[in-house]
Amino acid sequence: MNNRKLILTIFMMGTFAVGMTEYVVTGLLTEFARDLNVSVSTTGLLLSVYAISVAVFGPILRILTIKYSPKPLLIGLVSLFIVSNIVAATAPNFEVLLLSRLMSAAMHAPFFGLCMSMAINLSAPEKRTSAIASVQGGLTIAVMIGVPFGSYLGGVLDWRMVFWFLVVLGIIVLLGLITFVPNDKHTEIPQLKKELHALRNRNVLWVLAIIVFGFSGVFTAYTFKEPMLREFAGFGVTGVTFGLFAFGLGAVIGNFASGRVLPSKLTKILMFTLIGLAAVLASLTFLLQVPGVAFLICFLFGAGTFGTTPLLNAKVILAAKEAPMLSGTIAASIFNVANAIGATLGTIFLNAGFSYTMITFAAAGIILFGLVLTIITSWVEDKTLFE
């Protein structure tokens with residue numbers, strides 16, 4: 001394994017650990033409620049607080065540390081990750097567990113952003129999209145394997161064991177960073193004012209608009225994938241587990257397939273993935289009812305969702321030439337804003353009496369709006385940024 005591949009593997013292990021930390025609580029809410037004497041609805045704060053913290057505190061932390069060299073900063077962020085999971089594993093009450101979520105979420109966006117920026121710097125121009133997909137790949141593998149494993153571990157043994165597992169994983173990543181990642185210094189000290197100009201860059205702003213107003217539709221439907229599997233496919237626990245695994249498998253394959261896209265083809269391929277994703281969402285509740293097709297549609301849902309993510313990440317980072325240190329963090333934060341918007345919309349629709357079918361139609365409509373924004377982007381963006 002050459003040095004570049006080894007470093008990308010370390011980054012992938014790190015994003016796997018962070019991704020598992022974010023999503024594993026969805027399978028442990030009942031255990032949290034029972035052990036910490038709170039309602040299941042209250043434990044939902046562990047999800048929303050995490051997303052809000054990523055979106056708000058992640059960029060603030062990155063701005064405050066923008067002049068630090070990448071390697072020491074990565075080491076500091078992973079150290080914060082380890083401490084936050086120790087706090088979670090030993091939490092005496094729900095409030096302390098919630099605090100641990102704030103701590104781990106604060107390092108999420110800066111860690112993803114730094115890993116993606118360093119991965120790009122290590123790669124030839126034609127391999128930059130695949131480098132971003134490799135970093136993002138840890139998150140998709142966490143969705144496929146880490147979350148079901150964590151839910152099983154927490155259910156069979158104790159939910160605290162999940163966080164101790166994450167502590168061990170964090171220590172392995174920390175040792176990998178210390179041992180193998182080069183301590184490259186900034187050739188030029190990053191200027192915050194110059195980096196923030198990325199937020200005025202129309203090429204960047206159009207992609208951020210696609211994420212917020214288009215890609216958020218994914219999470220309008222994704223939030224309720226488990227009850228939809230039960231209602232329309234008639235699945236029990238085993239069926240739901242395999243359905244979620246199929247989604248995760250599709251996520252991993254979609255992620256690495258999109259990583260093979262050349263920068264010059266990003267916008268064109270993004271259009272096709274959004275069309276496919278909208279079609280999957282519009283037909284989701286109908287195809288879940290067809291025997292033998294339910295797992296396939298779950299697979300396609302995962303492939304479309306996480307096959308789109310590296311394309312959007314790459315477009316943000318490659319377009320934000322003036323913000324090499326901040327662009328990855330901005331992208332990671334905006335995706336969490338989209339997560340929160342989509343989940344909130346889904347909840348509002350459900351509380352308003354919408355059926356799951358109507359919710360998936362609404363989700364598909366939002367994705368198609370993202371397609372419209374992508375088409376407009378293709379007309380106005382600077383093509384030389386992606387050569």
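Predicted model: local features only at pLDDT ≥ 70, side-chain atom pairs only at ≥ 80, totals over all residues.
The residues of α8 that are buried are Trp 159, Val 162, Phe 163, Leu 166, Val 167, Leu 169, Gly 170, Val 173, Leu 174, Gly 176 and Leu 177.

The geometry of α8 can be checked against its length. Helix α8 comprises 22 residues (residues 159–180), which at 1.5 Å a residue should span 32 Å.

The N-terminal end of α8 is capped by Asp 158, a side-chain oxygen of which lies 2.7 Å from the backbone nitrogen of Arg 160. Arg 160 also takes part in a salt bridge with Asp 35, where the closest N and O atoms are 3.5 Å apart. This pair links distant parts of the chain, since Asp 35 belongs to helix α2 and Arg 160 to helix α8, 125 residues apart. Asp 35 has a relative accessibility of 39% and therefore counts as partly exposed.

The structure holds 2 salt bridges. Besides the pair of Asp 35 and Arg 160, the side chains of Lys 315 and Glu 381 meet in a salt bridge, at 2.8 Å from N to O. Lys 315 lies in helix α15 (residues 294–319) and Glu 381 in the segment after α17 (356–380), so this pair ties together parts that are 66 residues apart in sequence. Are these two partners buried or exposed? Lys 315 is buried, because its relative accessible area is 0%, and Glu 381 is likewise buried, with a relative accessible area of 8%.

Notes: Residues numbered from 1 in each chain as written. Heavy atoms only, no water. Helix = DSSP H or I, 4+ residues; strand = E, 2+ residues; numbered from the N terminus. Expected span 1.5 Å × (residues − 1). Buried < 20%, exposed > 50% of the residue type's maximum accessible area, 1.4 Å probe, protein only. Polar contact = N/O pair within 3.5 Å; in protein donor to acceptor, adjacent residues only side chain to side chain. Salt bridge = Lys/Arg side-chain N within 4 Å of Asp/Glu carboxyl O.
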